[in-house]
Amino acid sequence: MFEEQPQPEIDALIKANPEFKQLYQRHQVLDKKVMDAELGVLPIDDTRLGQMKREKLAAKDRLVRLYDAQH
């Protein structure tokens, strides 16, 4: 996520904005869990997987809005 943006900008936003930091960390956790579930490493039912994907997408949308508001 945010591969196209300079990492120093992302790091600065993480340090300056507690909401951004929390959402960024939550997105990373969800991303790993979703990937593990899709690979079969994390046993999880389809309903929970769908919920995690929606939560991950909502976090990403909010992160992008927060990032865009700073630039």
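Reader: Which helix holds M35?

Author: This is a predicted model: local features need pLDDT of at least 70, side-chain atom pairs count only at pLDDT 80 or more, and totals for chains, interfaces and linings use all residues. Residues are numbered from 1 along each chain as its sequence is written, and side-chain values use heavy atoms, without hydrogens and water. Helices are DSSP runs (H or I, at least four residues), numbered from the N terminus. The one holding M35 spans residues 18-39 and is helix α2.

Reader: Is D36 buried or exposed?

Author: Buried means under 20% relative accessible area, exposed over 50%, partly exposed in between (1.4 Å probe, protein chains only). D36 sits in helix α2. Its relative accessible area is 18%, so D36 is buried.

Reader: Which residue forms a salt bridge with D36?

Author: A salt bridge puts a side-chain nitrogen of Lys or Arg within 4 Å of a carboxyl oxygen of Asp or Glu. Here the closest N and O atoms are 2.9 Å apart.

Reader: Which residue of helix α3 pairs with E38?

Author: E38 is exposed, because its relative accessibility is 51%. Its salt bridge has closest N and O atoms 2.8 Å apart. The partner in helix α3 is K53.

Note on methods
Helix = DSSP H or I, 4+ residues; strand = E, 2+ residues; numbered from the N terminus.
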